[in-house]
Amino acid sequence: MERIKASIKGKSLPKPIFTDSYFLSKAIEMEQLGADMITIKDMSGLIPPEKVSKLISLFKKYIKVPIDFHTHCTPGFGLASVITAIIKGVDIVDTNIWYFSGGPAAPAIELIYLFCKKLGIEIDVNMEAVAKINKELYSIRQELSEFDAIKKMPKNFNPLTDALPAEIDKAIDKTIELCKKGNFEDMLEQCHKIEAHFGFPAPNDLVKSAQIPGGMYTNMVAQLKQLDAEEILNKAMELIPTVRLDAGLPPLVTPTSQIVGAQAVNCALDIKNGKPMYSNVSNQFASLVKGEYGRTPIAVKEEFREKITGSPKETPYDTSKYQMQPNPILSNCGDTKLAINDKEVLLLELFPSIAKTFLTKKREAAYQMDKQVVMESAYIEDVDSSEAITGQVITSPMPGTVFKINVKPGDTIKVGDSVIILESMKMENNISTTFSGKVKRVLVKENQRVNDTTPLIEIE
């Protein structure tokens, strides 16, 4: 809580919302609606073992259907919390296989297997098959090293064939003993000792402070690297609690985790460029604040909603006005549609900016293969930059990809008009003009990559 207070300066925190009774009431409601299993999904890995102890005990007392527990290891609680859940009688725990476990992932099933052996608990998993899969995962993770945000592989270990060092065997016994006694602080130390021995990543205090899921963190790192803006990572992480609170404390799970994270990046870029926060707001963040994603755990302040959306009124999503994404015929690809089956249509609906690029390249590649010819891309064209810019220029406020151009030469525009939609970190951002006048030139093309100073539109 102190970390949260430190990172949200000048803002009053709401009263405790996510209490044990809050989660229990949600679980009871789900069971009554017909759920055949309840999952406690801790995407951020923030639930400590003492909280797990209380929550699992409460659920097992009042819930009849099986209880599943899911957490991650990024902030350092993962292994201890999963062991606590098992000792307190949870029915299912989520794990990862060795080379893809720990850090931003769930604890290793191999470690859970060792603890369950000590506890006399049979697990319904073929550990010989797990060992074979793990060998394949080693090479796969090496192949993916370019995208690996952690870049720290655990030491090779097979619990079926490798002997445990005496001190680690003792640490496992000690961990179980401390958990049963309720001494969770010392239990955590023992778990960190075990993880350090095998070479798993140390707890990430940055993620703990920002209170974000491990997947959200690694996604943000990868995307900032792609945007060549890694230097703002710490500032973006620092701003996440503020952005989340402003938006009504939405749960940080897909898609709201990505929406909040991308907006924090936008705010960090605003500050870097000497602008006030929320100078650039993604369409998805505006929709979240507006109320289109549902009611948030706390109410969004009316003055903030008006600042972001132009209206203080909460507005649920109106399905009657929904229009499907355009699915054009690509004349340069043999007059085939952009999306050619239900799966691709759904992809286009869910992720329009990314799907548009992906499916276009897919259609182009298929057409080239069929015709055995090399075609020019119908998307990215070089812009003739030989003519000097003499008018006022709208520049990109952030790195990204031009998703849609809303104006053409000769159009008359006024201050505040959206001229370009820029896709950045999977979010769509309206780029509005700060000038009035007539569009002289559009200096970019759709699907073109731009940085945070690229000229977009020239106005005369």
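This is a predicted model: local features need pLDDT of at least 70, side-chain atom pairs count only at pLDDT 80 or more; totals for chains, interfaces and linings use all residues.
Strands and helices here are DSSP runs numbered from the N terminus, strands being E runs of at least two residues and helices H or I runs of at least four, and two strands are said to pair if DSSP finds at least two bridges between them. Residues are numbered from 1 along each chain as its sequence is written, and side-chain values use heavy atoms, with hydrogens and water left out.

Coming back to the hairpin, there are 2 residues between β9 and β10, and Met-425 in the turn has a positive phi of about 55 degrees. Across the pair, Glu-423 stands opposite Glu-428 in β10.

β9 also has a partner in β7, to which it is joined by 4 bridges in the antiparallel sense, and there Ile-405 stands opposite Ile-420 in β9. β7 is antiparallel to strand β12 (residues 449–450) as well, through 2 bridges, with Gly-400 facing Val-450 in β12. How many of the 6 residues of strand β7 (residues 400–405) are buried? The number is 5, so the strand is largely enclosed by the rest of the structure; buried means under 20% relative accessible area, exposed means over 50%, and partly exposed lies in between, using a 1.4 Å probe and protein chains only.

Let me step back to the whole protein, which has 16 helices and 13 strands, and whose C-alpha atoms fill a box of roughly 75 × 60 × 45 Å along the principal axes. Of its 460 residues, 45% are buried. Among contacts with a separation of 6 or more, 65% are between residues 24 or more positions apart, where contact means heavy atoms within 4.5 Å.

If we set aside residues up to four places away in sequence, Phe-285 touches Val-243, Ala-247, Ile-259, Gln-263, Tyr-278, Phe-304 and Ile-308. Tyr-278 sits in the loop between α12 and α13 (283–290), is buried at a relative accessible area of 10%, and has a positive phi of about 70 degrees although it is not a glycine. Another residue other than glycine with a positive phi, near 55 degrees, is Asp-335, which lies in the loop between β4 (329–330) and β5 (336–337) and counts as exposed at 53% relative accessibility.

Within helix α12 we also find Leu-269, which is buried, with a relative accessible area of 3%. Which residues does Leu-269 contact, leaving aside its neighbours within four places in sequence? They are Ile-232, Pro-397, Met-398 and Pro-399.

The axes of helix α4 (residues 78–87) and helix α5 (residues 109–119) come within 11 Å and cross at roughly 35 degrees, the axes being lines fitted to C-alpha atoms over the stretch in contact, with angles running from 0 to 180 degrees between N-to-C directions. On the α4 side the contact is made by Leu-79, Val-82, Ile-83, Ile-86 and Ile-87, and on the α5 side by Leu-111, Ile-112, Phe-115, Cys-116 and Leu-119.

Finally, there is an open sheet of 3 strands in the order β1-β2-β3, with parallel pairing. Its edge strands are β1 (38–41) and β3 (92–93), each of which pairs on one side only. β1 meets strand β2 (residues 67–70) in the parallel sense over 4 bridges, and Ile-40 stands opposite Phe-69 in β2.
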